[in-house]
Amino acid sequence: MKKYHIGFRKDGKTLVVQAVTTKDELSCEIWKYWGEREITKKELIQTKAEILACTNALYHKSFDRVMIQ
(Lines give C-alpha, C1' and ligand atoms only; values in the text may rest on other atoms or scores of the structure.)
Protein backbone atom coordinates (compact mmCIF):
# COMPACT_ATOMS: atom_id res chain seq x y z
CA MET A 1 0.00 0.00 0.00
CA LYS A 2 1.23 3.47 -0.84
CA LYS A 3 1.56 6.39 1.60
CA TYR A 4 -0.36 9.55 0.76
CA HIS A 5 -0.58 12.97 2.35
CA ILE A 6 -4.29 13.75 2.69
CA GLY A 7 -5.68 17.27 2.64
CA PHE A 8 -9.22 18.64 2.55
CA ARG A 9 -10.17 21.65 0.47
CA LYS A 10 -13.50 23.47 0.26
CA ASP A 11 -15.09 24.17 -3.11
CA GLY A 12 -18.52 25.59 -2.37
CA LYS A 13 -20.63 22.69 -1.06
CA THR A 14 -18.05 20.15 -2.29
CA LEU A 15 -15.37 18.68 -0.05
CA VAL A 16 -12.29 18.00 -2.17
CA VAL A 17 -9.99 15.32 -0.77
CA GLN A 18 -6.47 15.53 -2.14
CA ALA A 19 -4.23 12.46 -1.85
CA VAL A 20 -0.67 13.17 -2.98
CA THR A 21 2.68 11.47 -2.44
CA THR A 22 4.50 14.53 -1.04
CA LYS A 23 3.20 17.25 1.23
CA ASP A 24 4.49 19.91 -1.19
CA GLU A 25 2.02 18.72 -3.84
CA LEU A 26 -0.99 19.71 -1.71
CA SER A 27 -2.93 22.75 -2.84
CA CYS A 28 -2.20 26.02 -1.06
CA GLU A 29 -5.97 26.22 -0.46
CA ILE A 30 -6.00 23.23 1.95
CA TRP A 31 -8.53 23.74 4.73
CA LYS A 32 -7.57 20.72 6.89
CA TYR A 33 -4.55 18.45 6.75
CA TRP A 34 -5.30 14.81 7.66
CA GLY A 35 -1.67 13.71 7.69
CA GLU A 36 0.22 10.92 5.99
CA ARG A 37 -1.76 7.68 5.66
CA GLU A 38 -1.19 4.24 4.19
CA ILE A 39 -4.23 4.02 1.96
CA THR A 40 -5.16 3.55 -1.66
CA LYS A 41 -7.16 5.99 -3.74
CA LYS A 42 -9.61 3.14 -4.34
CA GLU A 43 -10.22 2.93 -0.57
CA LEU A 44 -10.78 6.68 -0.42
CA ILE A 45 -13.33 6.46 -3.21
CA GLN A 46 -15.08 3.54 -1.49
CA THR A 47 -15.41 5.49 1.77
CA LYS A 48 -16.58 8.82 0.29
CA ALA A 49 -19.93 8.69 2.14
CA GLU A 50 -18.20 8.00 5.45
CA ILE A 51 -15.67 10.80 4.90
CA LEU A 52 -18.50 13.21 4.09
CA ALA A 53 -20.59 12.26 7.13
CA CYS A 54 -17.65 12.39 9.55
CA THR A 55 -16.33 15.70 8.22
CA ASN A 56 -19.77 17.33 8.41
CA ALA A 57 -20.32 16.08 11.97
CA LEU A 58 -16.83 16.83 13.29
CA TYR A 59 -16.46 20.32 11.84
CA HIS A 60 -20.17 21.32 11.82
CA LYS A 61 -20.20 21.77 8.05
CA SER A 62 -22.82 21.01 5.41
CA PHE A 63 -20.89 19.64 2.44
CA ASP A 64 -23.16 17.74 0.07
CA ARG A 65 -20.58 15.82 -1.97
CA VAL A 66 -16.98 14.60 -1.97
CA MET A 67 -14.48 14.67 -4.83
CA ILE A 68 -11.27 12.62 -4.58
CA GLN A 69 -8.19 14.00 -6.35
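## The sheet

In what order do the four strands of the open sheet come? The order is S3-S1-S2-S4, with mixed pairing. S3 and S4 sit at the edges with a single partner strand each, so one side of each has no neighbour in the sheet. From one strand to the next, the twist averages 25°. Strands here are DSSP runs of E, at least two residues long, and helices are runs of H or I of at least four, numbered from the N terminus. Two strands pair if DSSP finds at least two bridges between them.

A quick note on the model: it is predicted, with local features needing pLDDT of at least 70 and side-chain atom pairs counting only at pLDDT 80 or more, while totals for chains, interfaces and linings use all residues. Residues are numbered from 1 along each chain as its sequence is written, and side-chain values use heavy atoms, leaving out hydrogens and water.

## Who pairs with whom

S1 (residues 3-11) runs antiparallel to S3 over six bridges. Lys3 stands opposite Glu38 in S3. S2 (residues 14-20) pairs with S4 in the parallel sense, over four bridges, and Thr14 has Arg65 in S4 as its bridge partner.

## Two faces of S4

In a regular strand, side chains alternate between the two faces of the sheet. Along S4 (residues 65-68), Val66 and Ile68 point to one face and are buried (under 20% relative accessible area, 1.4 Å probe, protein chains only).

Conventions:
Buried means under 20% relative accessible area, exposed over 50%, partly exposed in between (1.4 Å probe, protein chains only). Axes are lines fitted to C-alpha atoms, for helices over the stretch in contact, and angles run from 0 to 180 degrees between N-to-C directions.
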